Amino acid sequence: MREKILLIGPIPTELGSNDSGGVAIVVWNLAKSLMRRNKNVSIAATGRYFKGYQKREGIEIYGIGISIRALFVTIWNLLANLPVFKRISIKQGIKLLYSIYFLSYIRKKVDYDIIHVHHVINEIPRAAKLLGIRTKIVATIHSYHSIIMEESKQKIDQEKLMINAQMDCIDHLTHVSKSVRRQGRDLGIKWSCKDDVIYNGIELDKLKNISRTKNENFICFVGSLINRKGIFELINSFSLLDKSSLDLKIIGDGEFKKEVENVKNSQIQYHGILRNKEVIDLIGKSRALVVPSKSESFGLVYLEALSVGTPVIGYAAVLKEFKEYLDLDNKLNDWLIEYDYKEHDCNELKEKIRTVIKVKDKTNYKHQKEVITNLVRNNLSWDVVSNEYVKLYKGLSSG
């Protein structure tokens, strides 16, 4: 039997969304890989996506729409479950009402055997329970940043309670890395269902021909322009370099966009948001990808860089995990240089940049490139990774 899978999560800008985050890319690439495995897959698009319906590459994509019936169901659920809403914050209550409406609307548009929701802060699992939906639910946690980035204890506690409430409503949990799973446990997140670590993958089709592009004399940053991504640590460290011919290209959007645009340094160029293939092309040409994050859930952009032969400086915990998973020997240490903001200051990051930009000048670069790109592509392509989800879905369907 072909399981009918409904993926719920954001989708990338190439599909008409305003979401440029990594989770959106993951949802879309997983959907395409599942289609290649002859799975019946559709997407319910959350976030900043406003189309009612479209079909791309055989995948049906549904956005939110107007429905009197869904509105009635939402109001009825609010009145019937007032004790639930009284226990949660106004912000969480609004999210839950939105998710009830969203699911009520979507369930009349598409049939499904399994719901696979990406993140749980959208309140989809609890909404499904309140609606009496008995479909098996898989939840993938990409990060716990909604807790980490809160500053007040009250809001942190509210966020933990909300996530734990979602965990009671799912049938199988996956984390995108061991470090994220460990972080969840350390934060006091609890789950009783079965759980796995299933890494995200890279889309090989987008990597064709990119690895043959000419190397140019710049390093690049790709990510959200927020404090957590270490954008200012990078800018300050880059300014300390005495290598006048080296440029820094910054790709992304976010809270500090204007501050980045206003940096008075002709060697620092801001490119805004680019399509994923354009981003990978720039990464392939660059000396190195430098994203000195203070927290990272998986680091998809790190893998994309390695897969096109570009070394990286990045969040220490994730790079350590990649080294272990890919079984890299000491000869390739310069390809994955760990950054820990608690231990490394701007001068130390500057020295790490000095080291990483030399990788592509080494006489054995071509050999090292072949080794590392093959390791990444053979172990972490979507067609490899999605097989883990296929087995998971099959187990839930037969269980």
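Rings of Phe, Tyr and Trp, the last represented by its six-membered ring, pair if their centres lie within 6.5 Å. The legends below describe close-up views of a predicted model.

**View 1. Aromatic rings form a cluster.** Tyr199, Phe298, Phe322 and Tyr325 are linked into a cluster by ring pairs. In total, the structure holds eight aromatic pairs.

**View 2. Tyr53 and Tyr62 form a tilted ring pair.** A pair of aromatic rings is described by the distance of the centres and the angle of the planes. The ring centres of Tyr53 and Tyr62 are 5.2 Å apart and the planes stand at 50 degrees, so the pair is classed as tilted. Tyr53 has 42% relative accessibility and therefore counts as partly exposed. Tyr62, at 7% relative accessibility, counts as buried.

**View 3. Phe232 and Phe256 form an edge-to-face pair.** The centres of these two rings lie 5.1 Å apart and their planes meet at 70 degrees, so the arrangement of Phe232 and Phe256 is edge-to-face. Phe232 belongs to helix 9 (residues 231-240), whereas Phe256 is found in the loop between strand 10 (247-251) and helix 10 (257-261); the pair therefore ties together parts that are 24 residues apart in sequence. With a relative accessible area of 25%, Phe232 is partly exposed. Phe256 is buried, its relative accessible area being 18%.

**View 4. Charged side chains lie over aromatic rings.** Arg185 is placed over the face of Trp191, at 3.7 Å from the ring centre. Lys249 lies over the face of Phe218, at 5.0 Å from the ring centre.

View 5. Strands of a sheet pair through backbone hydrogen bonds, either parallel or antiparallel.

**View 6. Strand 5 pairs with strand 6.** Strand 5 (residues 114-118) and strand 6 pair in the parallel sense over five bridges. Within this pairing, Ile114 stands opposite Lys136 of strand 6. His116 has its place in strand 5. This histidine, His116, is buried, with a relative accessible area of 0%. The side chains of His116 and Thr140 are joined by a polar contact of 2.7 Å.

**View 7. Strand 7 is joined to strand 6 and to strand 8.** Strand 6 (residues 136-141) and strand 7 run parallel and are joined by four bridges. Four bridges also join strand 7 to strand 8 (residues 194-197), and these two strands run parallel. His172 of strand 7 is the bridge partner of Val138, and the bridge partner of His172 in strand 8 is Lys194. Between strand 7 and strand 8 the chain passes through helix 8 (residues 178-187), and this β-α-β crossover is right-handed. Along strand 7 (residues 172-175), His172 and Thr174 point one way, while Leu173 and His175 point the other way. All four of these residues are buried.

Methods: Residues are numbered from 1 along each chain as its sequence is written. This is a predicted model: local features need pLDDT of at least 70, side-chain atom pairs count only at pLDDT 80 or more; totals for chains, interfaces and linings use all residues. Side-chain values use heavy atoms; hydrogens and water are left out. Buried means under 20% relative accessible area, exposed over 50%, partly exposed in between (1.4 Å probe, protein chains only). Two strands pair if DSSP finds at least two bridges between them. A crossover is right-handed if, with the strands pointing away from the viewer, the path from the first strand over the helix to the second runs clockwise. Rings of Phe, Tyr and Trp (its six-membered ring) pair if their centres lie within 6.5 Å; planes under 30 degrees apart count as stacked, over 60 as edge-to-face and the rest as tilted. A charge sits over a ring if NZ of Lys or CZ of Arg is within 6 Å of the ring centre and within 35 degrees of the ring normal. A polar contact is a pair of N or O atoms within 3.5 Å; within protein, one must be able to donate a hydrogen and the other to accept it, and residues adjacent in sequence count only if both atoms are side-chain atoms.
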